[in-house]
Amino acid sequence: MAPAIDNNCLTNEYSNAASKIEEISILASTRDDVLALAFPLGNPLQGILDSGHPYYHAALGREGPAQPYPPAPKLHPGWQIPANLNYGHHDYLPGQQLPLNFLC
């Protein structure tokens, strides 16, 4: 599913856990309008802060991980779903599939 958590979680609050696992797989879609609209409302301070503020973070499931990325090969490449696929929040539900050429 689309992770509704700050995109710096792998290098911030979960950095200890991320350092202990072998592989990290993420899917993120900039076409996820639920995370674009609801995630900022769910974070009490985020609705007040501008996107240029140092404490602003997008959702991991929309923008992918914040830089610096966890070191490769731990983080699998190709985590950003191309915008032209129009893959939104509800497309993660069973019965929906990404085109096979996305993985190439």
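## Elements of the chain

Helices, as counted here, are DSSP runs of H or I with at least four residues, and strands are runs of E with at least two, both numbered from the N terminus. In this predicted model, the protein chain has three helices and two strands, and from the N terminus on these elements follow the order α-β-α-α-β.

## Burial, surface and contacts

The protein chain has 104 residues, of which 34% count as buried, and its accessible surface comes to about 6,900 Å², with 57% of that area belonging to carbon and sulfur atoms. Among the contacts between residues at least 6 apart in sequence, 72% join residues that are at least 24 apart.

## The salt bridge

Side chains of opposite charge can pair when their charged atoms come close. A search of the whole structure finds one salt bridge, formed between glutamate 63 and arginine 62, whose closest N and O atoms are 3.5 Å apart. Arginine 62 is buried because its relative accessible area of 19% falls under the 20% cut-off, whereas glutamate 63, with a relative accessible area of 34%, is partly exposed.

## Backbone details

Most residues other than glycine have a negative phi, and most peptide bonds are trans. The peptide bond from glutamine 67 to proline 68, however, is cis, with omega near 5°, and proline 68 lies in the loop between helix 3 (60-63) and strand 2 (80-81).

Asparagine 86, although not a glycine, has a positive phi of about 50°. Asparagine 86 is placed in the segment after strand 2, and it counts as exposed because its relative accessibility is 52%, which is over the 50% cut-off.

Technical notes
Residues numbered from 1 in each chain as written. Predicted model: local features only at pLDDT ≥ 70, side-chain atom pairs only at ≥ 80, totals over all residues. Heavy atoms only, no water. Salt bridge = Lys/Arg side-chain N within 4 Å of Asp/Glu carboxyl O. Buried < 20%, exposed > 50% of the residue type's maximum accessible area, 1.4 Å probe, protein only. Contact = heavy atoms within 4.5 Å. Areas by Shrake-Rupley, 256 points an atom, 1.4 Å probe, with all protein chains shown as cover.
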